[in-house]
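Have the structure open and follow along.

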Amino acid sequence: GDPWRDDRTAVVHGLPWAASGDQVRAAFRRCGVISSVEVEPELENVTRFARVSFATKDGLVNACQLDGYRVGPFTLRIRRRGDSHALADAALLRLEIDTQKRLGDQLQRNNVPGMGGK
């Protein structure tokens, strides 16, 4: 069957760029038996997103309870695949990253120690 069934697959936005499939699998293992993991670039070499397919619907439900979990400066957005919020999450994440960059640049221009963009 389709490994990416909507009723068993979570879409995770906002992963750090360095996140690997093995790391994602390890992070979501406690949610349930994982059938498949796929990690891809998301935004301008800043973040990645993943599809995590579970063997049961319960795994998906458990994964979605981690929505809003923070990994460093990133807030994970976790939704059921096919959920209308998934596209909105990608747009919101882009806005958050743009805002963080602008704030960092502003702090750097104002010579705030230890702060600033790249």
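The report below looks at the nonpolar core, one valine, a pocket and the salt bridges of this predicted model.

## The nonpolar core

Let's begin on the inside. The largest nonpolar core has 18 residues. Those with the most contacts inside this core are Val12, Val24, Phe28, Val52 and Phe54. Strands E1, E2 and E3 and helices H1 and H2 each supply at least two residues of this core. As background, nonpolar side chains tend to be buried together in soluble globular proteins.

## A closer look at valine 24

Valine 24 lies in helix H1 and is among the core residues with the most contacts. Is valine 24 buried or exposed? Its relative accessibility is 2%, so valine 24 counts as buried, the cut-off being under 20%.

Which residues does valine 24 touch, once its neighbours within four places in sequence are left aside? The contacts are with Leu15, Val37, Val39, Ala50 and Val52. Glutamate 38 sits 14 residues away from valine 24 along the chain, and the C-alpha atoms of the two are separated by 8.9 Å.

Where does the lining come from? Strand E1 (9–16) and helix H1 (21–28) each supply at least two of its residues. Helix H1 gives the most, with four residues.

Now for the charged side chains. The structure holds four salt bridges, and three of them are described here and in the next section, including two that involve arginine 51.

Arginine 51 forms a salt bridge with glutamate 38, with the closest N and O atoms 2.1 Å apart. Arginine 51 lies in strand E3 (residues 47–54) and glutamate 38 in strand E2 (residues 34–43), so this pair ties together parts that are 13 residues apart in sequence. Arginine 51 counts as buried because its relative accessibility is 17%, while glutamate 38, at 27%, counts as partly exposed.

Glutamate 40 forms a salt bridge with arginine 51 too, and here the closest N and O atoms are 2.7 Å apart. This pair links strand E2, which holds glutamate 40, with strand E3, which holds arginine 51, across eleven residues. Glutamate 40 counts as partly exposed, at 29% relative accessibility. Through shared partners, the salt bridges join Glu38, Glu40 and Arg51 into one network.

What does aspartate 7 pair with? Aspartate 7 forms a salt bridge with lysine 57, and the closest N and O atoms are 3.6 Å apart. The two residues belong to distant parts of the chain, 50 residues apart: aspartate 7 is in the segment before E1, and lysine 57 is in helix H2 (residues 57–64).

Both partners are partly exposed: aspartate 7 has 25% relative accessibility, and lysine 57 has a relative accessible area of 46%.

Definitions and conventions: Residues are numbered from 1 along each chain as its sequence is written. This is a predicted model: local features need pLDDT of at least 70, side-chain atom pairs count only at pLDDT 80 or more; totals for chains, interfaces and linings use all residues. Side-chain values use heavy atoms; hydrogens and water are left out. Buried means under 20% relative accessible area, exposed over 50%, partly exposed in between (1.4 Å probe, protein chains only). Contact means heavy atoms within 4.5 Å. A nonpolar core is a set of buried Ala, Val, Leu, Ile, Met, Phe, Trp, Tyr and Cys residues joined through side-chain atoms within 4.5 Å.
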